[in-house]
Amino acid sequence: MSEKKGVVLFVEDEDPDIDVFQGEFKDDYEIRIARNEQECFSELKNKSDLPDIILLDIYWITTSPSGEETRHPLGIEILKKIKAERCLDIIPVIIYTRQGDATDALKIIKEGGAQDWIRKDGGKYEKAHRIDSWIKTKRLQEELRQKEKELVEERTTRKTFFEIIKAFANAIDSKDHYTHGHSERVAKWAREVARRFGLYSTEIEAIETIGLLHDVGKIGIPDNILLKPGDLTNEEFEVIKKHPMDGVSILRPITYIREWIHLVRNHHEKFDGTGYPDGFKGEKIPLGSRILVVADSYDAMTSSRPYRKMPLSSEKAKKELSDKSGTQFDPKVVEKFL
Ligand SMILES: [Fe+2]
């Protein structure tokens, strides 16, 4: 194995077997010896320095006071205790026994949860092959667990991020009671249109997020302009026109959406180039912004506004989108929206 040497915990009471194993593998693995149960668990105490594999002898020889030797399957008791510790479940426990005890070994694999067995009296390469395979498997499982953990953390962070963004969007909408829920609806429609365009999931998510935040710059618009019931003067309209740029300034510190904030900047561009702030025309306007313009306008038309108490019906608003397709709106976006 080219990577870090595998760490083998060799749980064995018989010195000759220990000597043979060390003689065969001292250069290949870091070998830790445990001659009894106590030594075995003391090796497993430090959870940040656990072995990659446990080789466990099943039959242990005990000597009576009269000097009589008997074989006991003490390895099974050790196995049970190892398996009872959840944090050790990733370490493969391999029964290490002689060919003559093969039936017992298979029974222990089936009932006791050992992963495999290796013949003490097998050849060096056969043993090495099995040990290496199990170490490799264990390390891959560890990597997988780590990746899984990172994914869960990433998902939690994204979830928290979205909750904060929604709270932010609600704060913007609450400034103007006419636009209650506006950002969430725009985000929802924009997401659906983006999905119909067959965009990547990251792009769809970005467009949805920007849908929630597109009007964040309105936070700086004085109420007497934002909530004005009548027509705006040119000066007042100039103040309104600042909100996409103000939104960009507010959102720039948020790294998650940094590469998407140009969609905020261009959410009032018109397809024919008469929008603001850049006056971009046609496909020069980012697709996400072209989608947001349609979703934003549709919601504005179908909800009450200071300048229009009665919202348009969905049919009338859709007709308006069709009528302005090619001038105010991108025809392809209108088609997907309808
Ligand atoms: Fe806006």
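**Questions on a predicted chain of helices and strands**

The chain has 14 helices and seven strands, where helices (H or I, at least four residues) and strands (E, at least two) are DSSP runs numbered from the N terminus. This is a predicted model, in which local features need pLDDT of at least 70, side-chain atom pairs count only at pLDDT 80 or more, and totals for chains, interfaces and linings use all residues. Residues are numbered from 1 along each chain as its sequence is written.

Me: What radius of gyration does the chain have?
Reply: The radius of gyration is taken over C-alpha atoms, and the globule rule is 2.2 Å times the number of residues to the power 0.38. The C-alpha atoms fill a box of roughly 110 × 35 × 35 Å along the principal axes. For a compact globule of 338 residues the value would be near 20 Å, but the chain has 35 Å.

Me: Does E205 count as buried, partly exposed or exposed, and why?
Reply: E205 lies in helix α7 (residues 201–213). A residue is buried if 20 or more other C-beta atoms, placed from the backbone, lie within 10 Å of its own, exposed if 12 or fewer, and partly exposed in between. Because E205 has 17 C-beta neighbours inside 10 Å, E205 counts as partly exposed.

Me: How are α7 and α12 oriented to each other?
Reply: Axes are lines fitted to C-alpha atoms, for helices over the stretch in contact, with angles from 0 to 180 degrees between N-to-C directions. The axes of α7 and α12 come within 10 Å and cross at roughly 45°. Angles under 35 degrees count as roughly parallel, over 145 as roughly antiparallel, 65 to 115 as roughly perpendicular and the rest as oblique. Therefore α7 and α12 are oblique.

Me: Which residues in α12 meet α7?
Reply: Two residues are in contact if their C-beta atoms, placed from the backbone, lie within 7 Å. On the side of α7 stand A206, I207, I210 and G211. Their partners in α12 are G288, I291, L292 and A295.

Me: How are α12 and α13 oriented to each other?
Reply: Helix α12 covers residues 287–302 and helix α13 covers residues 314–323. Their axes come within 9 Å and cross at roughly 140°. Therefore α12 and α13 are oblique.

Me: Which residues in α13 meet α12?
Reply: The residues that α12 brings to this contact are V294, Y298, M301 and T302. Those in α13 are S314, A317, E320 and L321.
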